[in-house]
Amino acid sequence: RKGLDALLPALQQLPLDVQLIVAGKPGAAPRYVAMVRELGLESRVHFLGSQDDLVPAYRAADCLVHPTLEDIYAMVVLEAMAHGLPVVVSGPVHCGISRELHDGQEALLLHDPRDSAALARLVRAVLDDAGLADRLRGQGLAFAQAHTWERAALEYEALYQQALSIRSL
């Protein structure tokens, strides 16, 4: 579901110094380990497993790539933006947070998360174009700062207060 089926072949199309770090513990991990071997990517793909703290991974990364087939919101995208990472993520049909993003501004949106060639082009654009990466970092960080838990709580509290005032009428 998170897009490794497209991401691994996309990695083959990227320069040899590009590494992939996979965080989380997918149920299909053995299948992906075998796929990595089949594609000859053993030295370039690193499975971290489940992590209590992703901050070191965010700090080590040049960008976050999330070609998900289905994700209601994708908090990982918001977290990566909050850590100043440029983001490549599936478009709004496949990923809820993308409904709030503008392609080329806060993130690069992948319209078909199964398209390895398109995914490789977007990742290469982030890695090769420092101006684009800087713009994505800056606008992504601004987006993340506007979508904090504190802000969400305040908005829900305001809605609750509004509902109470309507009810008392």
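The protein chain has an accessible surface of about 9,900 Å², and 55% of this belongs to carbon and sulfur atoms (Shrake-Rupley method, 1.4 Å probe). The model is predicted: local features need pLDDT of at least 70, side-chain atom pairs count only at pLDDT 80 or more, and totals for chains, interfaces and linings use all residues. Residues are numbered from 1 along each chain as its sequence is written, and side-chain values use heavy atoms, with hydrogens and water left out.

**Fold and extent**
- The protein chain holds 7 helices and 5 strands, taken as DSSP runs (helices H or I, at least four residues; strands E, at least two) and numbered from the N terminus.
- Their pattern along the sequence is α-β-α-β-α-β-α-β-β-α-α-α.
- The C-alpha trace spans about 70 × 35 × 30 Å along its principal axes.

**Burial and contacts**
- Of the 169 residues in the protein chain, 38% are buried (under 20% relative accessible area, 1.4 Å probe, protein chains only).
- Among contacts (heavy atoms within 4.5 Å) with a separation of 6 or more, 63% are between residues 24 or more positions apart.

**Largest pocket**
- The largest pocket contains about 1,100 Å³ of space, a volume filled by probe spheres set on grid points joined across faces, edges and corners.
- A pocket is an open set of points on a 1 Å grid over the protein atoms alone, where a 1.4 Å probe fits, with protein on both sides within 12 Å along at least five of seven lines.
- Its lining (residues with an atom within 4 Å of a point) has 42 residues, and L20, I21, V22, L64 and V65 lie nearest the centre of the largest pocket.
- Two or more lining residues come from each of α1 (4-12), β1 (20-23), α3 (55-60), β3 (64-66) and α5 (116-128).

Note on methods:
Buried < 20%, exposed > 50% of the residue type's maximum accessible area, 1.4 Å probe, protein only.
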